[in-house]
Amino acid sequence: MKTLLLVLLSSLKWGKLATTGGSMLLSLVVYATIWGWRYAAGFIALLFAHEMGHYVAARQRGLNVGAPAFIPFVGAWIALEDQPVDVETEAYVAIASPVVGTIAALAVYLWARSEDSGLLLAISYSGLFLNLFNLLPISPLDGGRVTAVLGPRIWFLGVPILLALMLYRPNPMLIIVVILTVPQLLKAWRYDPKAPENIAYYGVPSQTKLEYGAAYLALAALLAVMTYDVHEMLSRFAHPR
């Protein structure tokens, strides 16, 4: 473990690729000690696919972006070195990640069905749940950045869902999300739709709002159904009749 930490720190001198590889390796080792290396590798691969959605979309919009970095039990992220110039660009970069991540998780799901593999099914479930959670309509999660095209005050719809999750399954990751959410909610509370800077950033056509809203709802519905179905399949694997 000490060697891996040294490799991770040293990789900061090697560039973006080495940083990604070093942090992925550290996450692999940590997760493997708990769930085994096969599950760990599959989960990290789906995390990578999720983050690459952001990366590719940001590059398509001409934004400078850092390579993905991983932290065990926190997840992964990419750092936008250039910030979006308007809310449509922000939504485009945000929704690309759960779209790519969902496609990757569904591919693993189909693979699991063809092989009748409980392990692959568990990996696909982790990817489906990850992308569904990230679609919560609250910033800084992907769902909050997508639904921001409708106005930042829509983030308050995500508050009861987040609180319900905290009560149902409290864990450190949810606490981190809550901490990151508070300043965004304060921003939404103080939001003035008539301010020139807000008009410039959030002023998008109704057609754009409709398109992103429909895409968001369709993706969230697909993920909700698939996450539930795969969870039920996993319970049958765990308790065969």
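Trainee: Is tyrosine 191 buried or exposed?
Mentor: Tyrosine 191 is buried, with a relative accessible area of 15%. Buried means under 20% relative accessible area, exposed over 50%, partly exposed in between (1.4 Å probe, protein chains only). Keep in mind that this is a predicted model: local features need pLDDT of at least 70, side-chain atom pairs count only at pLDDT 80 or more, and totals for chains, interfaces and linings use all residues. Residues are numbered from 1 along each chain as its sequence is written, and side-chain values use heavy atoms, with hydrogens and water left out.

Trainee: How many aromatic pairs are there?
Mentor: The structure holds 6. Rings of Phe, Tyr and Trp (its six-membered ring) pair if their centres lie within 6.5 Å; planes under 30 degrees apart count as stacked, over 60 as edge-to-face and the rest as tilted. In one of them, tyrosine 191 and tyrosine 202 have ring centres 5.3 Å apart and planes at 75 degrees, so the pair is edge-to-face.

Trainee: What does tyrosine 201 form with tyrosine 202?
Mentor: An edge-to-face aromatic pair, 5.0 Å centre to centre with 75 degrees between the planes.

Trainee: New topic: which residues form the aromatic cluster?
Mentor: Trp35, Tyr39 and Phe43 form one.
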